[in-house]
Amino acid sequence: MVRRKKLGKDTPMLTTAIVAEMLGITPDRLRTYDSEKLIHTHRVKTGQIQKRLYTENDLEWLLCLRSLVKDHKMSISSIKILLQILSLNPSMVLPKNEIGGILYDMSQNPNFKRVVKNF
């Protein structure tokens, strides 16, 4: 009997190219988010090349991030500040608008703690 590993929302399996296409952005933009420490990517070595892999949770996080950047014209530094404030004040009441909803979703994502501890 062959046992298969159950794939969850935290299983890294999406490549940079696939995630970039799903989000409608370039792979370079994803690398920028990684270098700015707005996403914690999973790295796998295949031969001599190291690849970034993303989970479903990462994809949900990136969708929120993209909405703040693209739809609400927020800068990366502004997003970092908001995430830091939210991490220091977890009981903070968020505004009842779209940005507040996005920030709430981000605070509930498993990536939240990983990202804010790297700032």
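This is a predicted model: local features need pLDDT of at least 70, side-chain atom pairs count only at pLDDT 80 or more; totals for chains, interfaces and linings use all residues.

Me: Fine. How many salt bridges by that rule?
Reply: The count comes to 5 salt bridges.

Me: Which residues are linked in a network?
Reply: Asp 34, Arg 43 and Arg 52 are joined by salt bridges into a network. Asp 34 meets Arg 43 at 2.4 Å, N to O. Asp 34 also pairs with Arg 52, where the closest N and O atoms are 2.7 Å apart.

Me: Where do Arg 52 and Asp 34 lie?
Reply: Arg 52 is in strand S3 (residues 49-54), and Asp 34 is in helix H2 (residues 27-35). The pair therefore ties together parts that are 18 residues apart in sequence.

Me: Is Asp 34 buried or exposed?
Reply: Buried. Its relative accessible area is 10%, and buried means under 20%.

Me: What about the arginines?
Reply: Arg 43 is partly exposed, with a relative accessible area of 42%. Arg 52 is partly exposed too, at 22%.

Me: OK, next pair. Which residue forms a salt bridge with Lys 9?
Reply: Glu 60 does, with the closest N and O atoms 2.7 Å apart. This pair links distant parts of the chain, 51 residues apart. Glu 60 sits in helix H3, while Lys 9 is in the segment before strand S1 (14-15).

Me: How accessible are those two?
Reply: Glu 60 has 35% relative accessibility, so it counts as partly exposed. Lys 9 has 38% and also counts as partly exposed.

Me: You mentioned H3. At what angle do H1 and H3 pack?
Reply: Helix H1 (residues 16-23) and helix H3 (residues 56-71) pack at about 45°, with their axes 11 Å apart. That makes H1 oblique to H3. H1 passes H3 in a right-handed crossing.

Me: And H4 with H5?
Reply: H4 and helix H5 (residues 98-108) pack at an angle of about 60°, with axes 11 Å apart. Roughly perpendicular starts at 65 degrees, so H4 and H5 are oblique to each other. Their crossing is right-handed.

Me: Switching to the surface. Which residues make the nonpolar patch of about 240 Å²?
Reply: Ile 81, Ile 85 and Met 92.

Me: Where does Ile 85 lie?
Reply: In helix H4 (residues 76-88). Ile 85 is partly exposed, with a relative accessible area of 34%. Patch residues need over 30%, so Ile 85 clears that cut-off.

Conventions: Residues are numbered from 1 along each chain as its sequence is written. Side-chain values use heavy atoms; hydrogens and water are left out. Patches are made of residues with over 30% relative accessible area and no salt bridge: like charges are joined within 9 Å, nonpolar side chains (Val, Leu, Ile, Met, Phe, Trp, Tyr) within 5 Å. Accessible areas come from the Shrake-Rupley method with a 1.4 Å probe; for residues, only the protein chains shown count as cover. A salt bridge is a side-chain nitrogen of Lys or Arg within 4 Å of a carboxyl oxygen of Asp or Glu. Helices (H or I, at least four residues) and strands (E, at least two) are DSSP runs, numbered from the N terminus. Buried means under 20% relative accessible area, exposed over 50%, partly exposed in between (1.4 Å probe, protein chains only). Axes are lines fitted to C-alpha atoms, for helices over the stretch in contact, and angles run from 0 to 180 degrees between N-to-C directions. Angles under 35 degrees count as roughly parallel, over 145 as roughly antiparallel, 65 to 115 as roughly perpendicular and the rest as oblique. A crossing is left-handed if the near helix is turned anticlockwise from the far one by less than a right angle, and right-handed if clockwise.
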